[in-house]
Amino acid sequence: MAEVDVVSDSDRPSVTGYPDRGDLMADVTAIVGSAREAAWIVEHVERTVASGTEGGFAAGALALADRRAAGEPLQYVLGTWQFRSLELSIDRRVLIPRPETEQVVESALSELARMAKTRPDDDDPIVCVDLGTGSGAIALSLALEGPTTGKRVEVWATDRSPDALDVARANLASLTRLDPDTERRVTLVAGSWYDALPSLLERQVDLVVSNPPYVSEEDYGGLDPGVRDWEPIGALVAARGRSGVAGMADVEEVVAGAIRWLRPGGALVVELSPTQAYGAIDAARRAGFTRVETGRDLAGRVRMLVAER
């Protein structure tokens, strides 16, 4: 973000003195250093402040601007962010949803469509598991978009963080208000990776999806401060894998454990760092997957492992 002049409380106009929206926009822009971000902040306050005085509205916008100027990511400042067709509530308890993960969902939906074509014409659902769900972005997207592939979808979403599950639960409740059937399709469970799943799902899962931690301990210090200083380290950083590849420990655990849970023909989609592609391919082949591929993000970088049991 561009450097901006610090606006002290004594220099700032009174929050009751904004008869013109443009004046408020100008002051918010001066604080955050970006007209685009200022527009997001002012529009967010316009949407969320149901009533109150002009002064209260302006005070809200200026308070959010101060948080952004202090380095807090815009997504946390606003408290919501768009992910595919969802508007998710987010805060520092969970990672910020990113376009790379939207592409992971796209690959997962392609696998669901493939399975829907080969599954018997019955009422049995396609069973999906989202490991390390965080805000619920992947799980809720699958629940919302998965049925368009032609079969009923059932999603299990796990996370070892109670705080993350609270965020996911709030997002599930919001989606349920728009689509009451969503609550029946999504089950949130606490626990680390596959340990959270009931044994009755063994060899009954059609799709495992995960965005696990994959930033190496060596690379963590060099991350953008907006990521390193604000997003939960436990959802970002993983130890070196058994293969010796940096940041691969959790990716390896997700890949190795999937065979126990997937039915024949089931699929695994895992987000990863481009530097981990070959290590992930090797891990999937060692685990016994028959079809092992990689997928790219919108920037053309290898961003996911896609494997079929």
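This report walks through the pockets, the nonpolar cores and the aromatic pairs of a predicted model.

## Ground rules

Local features here need a pLDDT of at least 70 and side-chain atom pairs count only at pLDDT 80 or more, while totals for chains, interfaces and linings use all residues. Residues are numbered from 1 along each chain as its sequence is written, and side-chain values use heavy atoms, with hydrogens and water left out.

## The largest pocket

Let's start with the open space. The largest pocket holds about 950 Å³. A pocket here is an open set of points on a 1 Å grid over the protein atoms alone, where a 1.4 Å probe fits, with protein on both sides within 12 Å along at least five of seven lines; lining residues have an atom within 4 Å of a point. The volume is the space filled by probe spheres set on the points, which are joined across faces, edges and corners.

This pocket is lined by 46 residues, and L95, N211, P212, A235 and L236 are the closest to its centre. Among the elements that supply at least two lining residues are α5 (99–118), β3 (126–131) and β4 (153–159); helices (H or I, at least four residues) and strands (E, at least two) are DSSP runs, numbered from the N terminus.

## The second largest pocket

The second largest pocket has a volume of about 360 Å³. Its lining has 17 residues, with R68, P73, D224, G226 and V227 the closest to its centre. Helix α10 makes the largest share of that lining, with 3 residues.

## Nonpolar cores

The largest nonpolar core has 37 residues, and L112, C128 and L142 are among those that touch the most other members. Such a core is a set of buried Ala, Val, Leu, Ile, Met, Phe, Trp, Tyr and Cys residues joined through side-chain atoms within 4.5 Å; buried means under 20% relative accessible area, exposed over 50%, and partly exposed in between (1.4 Å probe, protein chains only).

Beyond its neighbours within four places in sequence, L112 has contacts (heavy atoms within 4.5 Å) that include I126, V153 and L207. A second, separate core of 34 residues includes Y214, V254, L262 and V302.

## Aromatic pairs

There are 2 aromatic pairs. Rings of Phe, Tyr and Trp (its six-membered ring) pair if their centres lie within 6.5 Å; planes under 30 degrees apart count as stacked, over 60 as edge-to-face and the rest as tilted. W40 and W81 are edge-to-face, at 5.7 Å centre to centre and 75° between the planes. W40 is partly exposed at 30% relative accessibility, and W81 is partly exposed at 22%.

Y194 and W261 are stacked, because their ring centres are 6.2 Å apart and their planes at 5°. Both Y194 and W261 are buried.
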